[in-house]
Amino acid sequence: MSDNKNEEIEQAELPVIPRFLTAESIEELRNNIVKIIVEQKKYLQNNYGAKDLCKELGVQPRYVSAVIRIALKTNYSGLINSHRIAMACDYLMDAQYARLTMEEIGLLVGYESRQAFYLAFKKIQKMSPRRYQETRRTKGIVDNEK
């Protein structure tokens, strides 16, 4: 009976894959999502939503949502925000963008407002953009070569 409980625990830890998706379809859709969102940098468009992605892929929202959850271990907003904040971090550390305000950097990476940018940044980096910039600069981590 203890073997059965261990088996149940192990199965509970695995992500639930909807029966309408196969391993191949998950991989193919994941690659297409990454191609559109990351390689084409759609995450920079503040008006590009999950519905736009589904329309571009020609796939129902439940499929896209399931694949993002299963293969990328996040949701649509998390996917978009992680790439936006990574780019914002690059801008914050690049001397070429030193004159920009935090609001301008937020707009560059796809946020419609300073508040939305700060909320997403704090959620991912656990500090404000200004604090991130100051912390990195005091440690001498600035990209002056770009």
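1. Fold. The protein chain holds eight helices and zero strands. Read from the N terminus, the order of elements is α-α-α-α-α-α-α-α. This is a predicted model, and the points below should be read with that in mind. Of the 146 residues in the protein chain, 30% count as buried.

2. Nonpolar core. The largest nonpolar core has 35 residues. Within this core, the residues with the most contacts are Ile33, Ile37, Leu53, Phe117 and Phe121. Two or more residues each come from α2 (23-39), α3 (50-57), α4 (61-71), α5 (76-93), α6 (102-108) and α7. Of these elements, α5 gives the most, with ten residues.

3. Salt bridges, overall. The count comes to two salt bridges. One joins Arg30 to Glu27, and the other joins Glu56 to Lys42. They are taken in turn below.

4. Arg30 and Glu27. The closest N and O atoms of this pair are 3.7 Å apart, which falls within the 4 Å cut-off for a salt bridge. Both residues belong to helix α2, and because they are three residues apart, about one helical turn separates them. Arg30 has a relative accessible area of 23%, so this residue is partly exposed. Glu27 also counts as partly exposed, at 40% relative accessibility.

5. Glu56 and Lys42. Here the side chains meet at 3.5 Å, N to O. The pair links distant parts of the chain, 14 residues apart: Glu56 sits in helix α3, while Lys42 lies in the loop between α2 and α3. What is the burial state of each partner? Glu56 is partly exposed, with a relative accessible area of 36%. Lys42 has a relative accessible area of 16% and is therefore buried, the limit for that class being under 20%.

6. Positive surface patch. Arg114, Lys122, Arg130 and Arg137 gather on the surface in a patch of positive charge. Which helices supply at least two residues each to the positive patch? They are α7 (114-125) and α8 (129-138).

7. Arg130. This member of the patch is placed in helix α8. Its relative accessibility is 37%, so Arg130 counts as partly exposed.

8. Lys41. The backbone is worth a look here: phi of Lys41 is near 55 degrees, a positive value in a residue other than glycine. With 40% relative accessibility, Lys41 counts as partly exposed.

9. Lys73. Phi of Lys73 is near 60 degrees, again a positive value in a residue other than glycine. Lys73 is found in the loop between α4 and α5. Is this residue buried or exposed? Lys73 counts as exposed because its relative accessibility is 65%, and the exposed class begins over 50%.

Notes: Residues are numbered from 1 along each chain as its sequence is written. This is a predicted model: local features need pLDDT of at least 70, side-chain atom pairs count only at pLDDT 80 or more; totals for chains, interfaces and linings use all residues. Side-chain values use heavy atoms; hydrogens and water are left out. Patches are made of residues with over 30% relative accessible area and no salt bridge: like charges are joined within 9 Å, nonpolar side chains (Val, Leu, Ile, Met, Phe, Trp, Tyr) within 5 Å. Accessible areas come from the Shrake-Rupley method with a 1.4 Å probe; for residues, only the protein chains shown count as cover. Lys and Arg count as positive and Asp and Glu as negative; His and the chain ends are not counted. The place of a charge is taken as NZ of Lys, CZ of Arg, CG of Asp or CD of Glu. Helices (H or I, at least four residues) and strands (E, at least two) are DSSP runs, numbered from the N terminus. Buried means under 20% relative accessible area, exposed over 50%, partly exposed in between (1.4 Å probe, protein chains only). A nonpolar core is a set of buried Ala, Val, Leu, Ile, Met, Phe, Trp, Tyr and Cys residues joined through side-chain atoms within 4.5 Å.
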